[in-house]
Amino acid sequence: MVGVSDGQPGQAPAAGRHPVGGPLLSLALAAMIDGVHAHSGAVYLLSPDEQVLEMAVMAGLPRAFAAPWERVSTSAPLPLSEAVRERRLVWIGDEEEMARRYPRVAVVLPYPFALAALPVAAGDTVYGGVFVTWPGVRTPVLSDWEREHLTSACARLAVRLERAARDGRPVLPEPDLLAASTVGGVTGTIGAIEAVRLVSRLPYGLCALDLHGRVAYANPAAAELIGQPVRRLVGHHLWATVPWLNDPVYEDRYRAALFSQHPTSFVALRPPGDWLSFRLYPSTSGLSVRITRTGAMTGPGRAGPRAADGPSRLVTISQVLTLASALTEAVGVQDVVQLVADELAPAVGSQALVVLGTRAGRLRVLGHRGYRDPRVVERFDGTPLGARTPGAHALSTGVPAFFESREELERLYPARSATPDGFAAWAYLPLIASGRPVGTCVLAYAEPHPFSTDERAVLSSVAGLVALALERALLYDVKHQLAHGLQAALLPPSLPPLPGVEAAARYLPSTRGMDIGGDFYDVVPVPGGAAAVIGDVQGHNVTAAGLMGQIRTAVRAYTTVGQSPQEVMRSTNRLLIDLGVDLFASCLYLRLDPAGGRAVMARAGHPPPLLRRPDGRVRVLDLAGGPLLGIDASAGYPTTEVELAPGSVLLLYTDGLIESPGVDIEEALALLGQRLCEAGELPLDELADVLIGQGAGAEERADDVALLLLRSRA
């Protein structure tokens with residue numbers, strides 16, 4: 001039973017309640033499609049216990065066309081999910097826009113069509129969503145009238161679903177809507193007989209296919225050309241009955257014709273050497289196929305029988321394509337786990353999953369979704385690979401295991417009876433990449449689940465895609481941890497207490513390259529005050545980080561031996577040149593004297609600091625300075641003395657804090673000064689979080705960011 005939900009966990013309708021009268025969803029969908037002259041569409045309802053949209057009814061095309069999206073997460077990058085998530089209409093005018101905005105859909109459906117997706121919502125409650133499609137012949141702009149018609153229809157459907165939910169009446173499953181024959185009556189029967197006689201006299205082959213691709217009629221010429229009797233063709237798919245037509249390329253031509261409502265064609269080789277041309281003419285009720293001999297190959301033609309048992313391979317190809325497209329976006333291990341949860345689990349009806357890895361001869365739980373109690377899964381973390389468990393066995397042997405019921409699992413693994421996880425069927429899929437096992441993906445089902453031959457083949461094949469993504473993600477995570485460990489080792493683990501000065505610092509790595517960079521900062525206690533430095537070595541790699549560590553160590557050493565600010569800068573500049581590296585660095589060094597109320601600063605091509613006075617006014621300090629470190633061995637670095645009243649705050653930063661594509665630096669600097677003015681009375685740690693907050697939330701940072709705050713105490 002398909003339930004009605006407001007997106008929160010709830011209970012099923014009480015027993016004895018009457019269901020919603022009539023085909024509520026089918027009628028609403030048919031009215032929407034007819035009203036805007038669309039080609040196909042579907043209604044989805046939000047699952048009551050998870051943020052998943054489930055297809056309730058489809059119209060105009062077989063459900064197999066939307067098989068990868070029969071269950072979709074509301075967080076998935078899909079038009080329908082976005083429409084529901086953002087409570088707005090999403091319009092895709094053509095295949096180019098689809099490829100640009102939603103490449104996962106375009107990979108599976110690379111055909112000319114337009115799509116509109118809308119939420120079905122009333123007030124604060126979302127009940128589901130709707131999409132409708134048009135063939136590519138329509139204008140790529142959705143008119144105001146069409147927009148209003150679809151929006152109003154979804155609002156009316158939401159009101160009826162709201163009423164049904166309030167009354168406790170379930171929305172029962174409804175049959176999909178496909179076009180029916182319009183021939184009827186005596187006149188229609190006589191006309192049909194004459195049409196059959198007419199077609200039987202033609203010298204070329206003609207077939208009629210229904211929307212599912214099954215042969216509804218074939219004339220004698222078609223049977224002769226194909227080499228199969230009519231009785232074996234009618235009621236079956238051509239690619240399932242004729243071995244040399246059992247090819248995904250030919251299936252795709254059928255899909256393309258139906259989806260785009262444009263004629264398509266292909267050429268196939270009938271063994272041993274006859275080339276046949278197939279021309280497909282679509283309509284909303286099916287396809288007409290014209291078959292003729294051709295003298296030369298003008299299209300794909302691969303012969304050879306293949307197995308064709310189980311569900312249509314069309315669904316399999318679509319599922320693999322959409323998951324493969326999604327997995328290319330995965331970066332870390334948790335990304336892979338989330339994508340499998342969002343894309344694979346809903347498509348195969350799984351309610352929970354676990355991804356297992358291995359380290360030091362033991363199982364490691366890399367991630368899981370769908371388990372109410374995480375301890376049910378996490379207790380397997382650290383299990384020896386030699387233990388008699390299905391997860392360890394699949395990982396060590398590389399052989400998938402499918403358990404259709406709890407009894408079947410406990411018969412082979414009796415110990416599992418003592419560790420129930422609340423599920424009733426499982427698929428254990430070894431993840432093999434580069435010839436070695438990298439993990440196991442466990443799919444769990446709430447009810448006993450028979451695994452057909454086709455489904456086992458699909459899951460085993462898809463496991464290979466997941467394995468490649470997981471291998472890449474594991475390597476990325478190791479590199480990421482190494483980079484962050486190196487960066488943390490090169491920066492101060494904490495800031496020391498300073499006489500008369502408070503200090504706070506923050507660092508954010510770049511999201512490009514190795515997540516490691518050359519930005520650095522440090523503070524050093526000196527007699528009567530403190531010294532502080534901030535700098536930026538060009539680059540975001542190990543070389544930049546290593547050079548940054550050398551510069552920071554040198555500045556600290558020169559400060560400790562008592563050099564003045566200009567001497568520290570000159571000595572560091574000569575050191576950088578003597579090292580012979582082809583990298584430059586900007587730097588700002590200052591010596592604080594809180595008792596004297598002053599600060600002496602030297603600058604080498606670094607962004608100017610900001611000073612917030614006790615009265616709240618903020619100004620950019622225009623400091624004297626010299627060139628970047630590492631350019632000119634004879635360069636000098638003059639100093640500037642700045643008044644530093646008690647309560648004043650100095651903000652030192654690197655250019656990553658104010659530079660971003662499309663933003664003027666002067667405007668960014670003014671905005672930074674405004675935030676410092678408004679939040680300057682906060683404790684320094686809170687102030688640092690405020691100032692760096694915008695950069696911390698950015699998905700893309702072209703440069704790393706360092707920030708150092710200093711407040712003079714009274």
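pLDDT is the predictor's confidence in each residue, from 0 to 100. Helices (H or I, at least four residues) and strands (E, at least two) are DSSP runs, numbered from the N terminus. In the protein, confidence is lowest in helix α6 (residues 185–200), at a mean of 57. Strand β4 (residues 90–92) has the highest, at 95. This is a predicted model: local features need pLDDT of at least 70, side-chain atom pairs count only at pLDDT 80 or more, and totals for chains, interfaces and linings use all residues. Residues are numbered from 1 along each chain as its sequence is written, and side-chain values use heavy atoms, with hydrogens and water left out.

**Confidence**

- The protein has a mean pLDDT of 83. Of its residues, 87% reach 70 or more.
- Residues 1–17 have pLDDT below 50. Beyond near neighbours in sequence, this stretch has 36 contacts in the model (contact means heavy atoms within 4.5 Å).
- Residues 695–699 also stay under 50 in pLDDT. Here the model has 5 contacts beyond four places in sequence.

**Cavities**

- On a 1 Å grid over the protein atoms alone, a cavity is a set of points where a 1.4 Å probe fits but cannot get out; lining residues have an atom within 4 Å of a point. Grid points are joined across faces, edges and corners, and a volume is the space filled by probe spheres set on the points.
- The count comes to 4 cavities of 30 Å³ or more.
- The largest cavity has a volume of about 230 Å³. It is lined by 19 residues, and Y44, W69, V105, L115 and F131 are the closest to its centre.
- Elements giving two or more residues to that lining are β1 (40–46), α2 (79–86), β5 (113–122) and β6 (125–135). The largest share, 3 residues, comes from β5.
- By class, the lining of the largest cavity has 17 nonpolar residues, 2 polar and no charged. Ala, Val, Leu, Ile, Met, Phe, Trp, Tyr, Cys and Pro count as nonpolar, Asp, Glu, Lys and Arg as charged, and the others, Gly among them, as polar.
- The second largest cavity has a volume of about 190 Å³. Its lining holds 15 residues, with L356, F380, R416, Y428 and V442 nearest the centre.
- β12 (352–359), β13 (362–369), α13 (375–378) and α14 (390–397) each give two or more residues to the lining of the second largest cavity. That lining divides into 11 nonpolar, 2 polar and 2 charged residues.

**Helix pair α17 and α18**

- The axes of α17 (residues 542–560) and α18 (residues 565–578) come within 10 Å and cross at roughly 145 degrees. Axes are lines fitted to C-alpha atoms, for helices over the stretch in contact, and angles run from 0 to 180 degrees between N-to-C directions.
- L547, I551, A554, V555, Y558 and T559 in α17 meet V568, S571, T572, L575 and L576 in α18. The residues of this contact comprise 8 nonpolar, 3 polar and no charged.

**Backbone geometry**

- Most residues other than glycine have a negative phi, and most peptide bonds are trans.
- The P271 to P272 peptide bond is cis, with omega near 10 degrees. P272 lies in the loop between β9 (264–270) and β10 (274–283).
- H37 has a positive phi, near 55 degrees. H37 sits in the loop between α1 (24–35) and β1.

How values were computed:
On a 1 Å grid over the protein atoms alone, a cavity is a set of points where a 1.4 Å probe fits but cannot get out, and a pocket is an open set with protein on both sides within 12 Å along at least five of seven lines; lining residues have an atom within 4 Å of a point.
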